Amino acid sequence: MKIGVFALQGAFIEHEHAFEKLGVETVEIRRRAHFSDGFDGIVLPGGESTVQGKLLREEGLLEPVQEAIKSGLPVFGTCAGLILLANELTNDSNVYFGTMDVTVKRNAYGRQLGSFRADLKFKGIGNYPAVFIRAPYIEKAEKDVKVLAECDGKIVAARQKNMLATAFHPELTDDLRVHSYFLNMIKGEVSAKSTPHTHESSSI
């Protein structure tokens with residue numbers, strides 16, 4: 001198995017280390033030439049979504065990656081990666097890939113809770129120690145989206161078909177279960193079927 005990790009900006013090295021511990025090969029994607037059909041899945045790391053979006057456009061990566069995701073390429077977005085995948089942002093006029101049917105609020109927790117840790121219940125995994133850094137959250141998830149975890153009533157992890165996204169940073173812990181979940185998604189070992197949820201919208 002081979003995972004492409006976007007290395008334009010942000011916490012990409014940590015994702016690479018996590019997959020290496022799981023015995024999975026990773027390849028850094030920095031330019032259009034680095035992106036091919038040889039990947040079993042790709043990772044959009046945490047960082048600055050506006051910077052990453054700008055670089056994706058400048059490197060000619062935005063459209064081919066968008067089309068690959070729409071065609072079924074498994075993708076795992078963390079923090080900024082969630083923002084890049086969202087089809088709507090409540091406090092930003094930009095839309096990047098726009099492939100996931102969620103509405104996301106950037107920097108949603110404000111300065112006081114800019115960075116924090118929380119124990120979450122992640123469906124299919126169990127209790128999980130999540131690290132949030134200037135995190136977004138999902139304000140609204142459409143019916144095809146499977147909610148995987150919430151923090152104080154806010155959706156912070158979700159899956160839709162071939163897309164997995166978290167508002168937190170699983171790559172910044174020693175717990176590899178979210179990365180394993182993504183690998184099992186690729187293998188088709190975890191269901192993408194959505195389950196009913198009540199938190200269609202939320203606000204601070």
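Is Thr103 buried or exposed in this structure? Thr103 is buried, because its relative accessible area is 10%; buried means under 20%, exposed over 50%, and partly exposed in between, with a 1.4 Å probe and protein chains only. Before I continue, please note that this is a predicted model, in which local features need pLDDT of at least 70 and side-chain atom pairs count only at pLDDT 80 or more, while totals for chains, interfaces and linings use all residues. Residues are numbered from 1 along each chain as its sequence is written, and side-chain values use heavy atoms, with hydrogens and water left out.

Let me stay with Thr103 for a moment. Thr103 belongs to strand 6, residues 100-105. Helices (H or I, at least four residues) and strands (E, at least two) are DSSP runs, numbered from the N terminus. Beyond its neighbours within four places in sequence, Thr103 contacts Glu88, Thr90, Tyr137, Ile138, Glu139 and Lys140. Contact here means heavy atoms within 4.5 Å.

I turn now to the core. In soluble globular proteins, nonpolar side chains tend to be buried together. A nonpolar core is a set of buried Ala, Val, Leu, Ile, Met, Phe, Trp, Tyr and Cys residues joined through side-chain atoms within 4.5 Å. The largest one in this model has 66 residues, and Phe35, Ile42, Phe122, Phe132 and Val156 touch the most other members. The element that gives the most to this core is helix 5, residues 177-187, with five residues.

Met185 counts as buried because its relative accessibility is 7%. Setting aside residues up to four places away in sequence, Met185 touches Arg159, Lys161, Asn162, Met163, Leu164 and Val190. Between Met185 and Asn162 there are 7.5 Å in space, C-alpha to C-alpha, although they are 23 residues apart in sequence.

The next is Phe19, in helix 1. With a relative accessibility of 0%, Phe19 counts as buried. Apart from neighbours within four places in sequence, Phe19 is in contact with Ile3, Val24, Thr26, Val43, Phe76, His179, Phe182 and Leu183. Phe19 and Ile3 are 16 residues apart along the chain, and their C-alpha atoms are separated by 8.3 Å.

Glu20 also has its place in helix 1, residues 12-21. Glu20 counts as partly exposed, because its relative accessibility is 45%. From Glu20 to Gly47 there are 27 residues in sequence and 21 Å in space, C-alpha to C-alpha.

Which side chains make polar contacts with that of Gln160? One is the side chain of Asp101, at 2.7 Å, and another is the side chain of Asp144, at 3.4 Å. A polar contact is a pair of N or O atoms within 3.5 Å; within protein, one must be able to donate a hydrogen and the other to accept it, and residues adjacent in sequence count only if both atoms are side-chain atoms. Gln160 lies in strand 11, residues 154-160, and counts as buried because its relative accessibility is 3%. Not counting residues up to four places away in sequence, Gln160 touches Thr99, Met100, Asp101, Asp144 and Val145.

Two residues call for a remark on backbone geometry. Lys161 has a positive phi of about 55° although it is not a glycine. Lys161 sits in the loop between strand 11 and strand 12 (163-166), and is exposed, with a relative accessible area of 52%. Cys79, also not a glycine, has a positive phi of about 55°. The loop that holds Cys79 runs between strand 4 (75-78) and helix 4 (80-85). Cys79 counts as buried, at 4% relative accessibility.

On a 1 Å grid over the protein atoms alone, a pocket is an open set of points with protein on both sides within 12 Å along at least five of seven lines, and lining residues have an atom within 4 Å of a point. Of the 16 lining residues, Gly47, Glu48, Cys79, Ile133 and Arg134 are the closest to the pocket's centre.

Note on methods: On a 1 Å grid over the protein atoms alone, a cavity is a set of points where a 1.4 Å probe fits but cannot get out, and a pocket is an open set with protein on both sides within 12 Å along at least five of seven lines; lining residues have an atom within 4 Å of a point.
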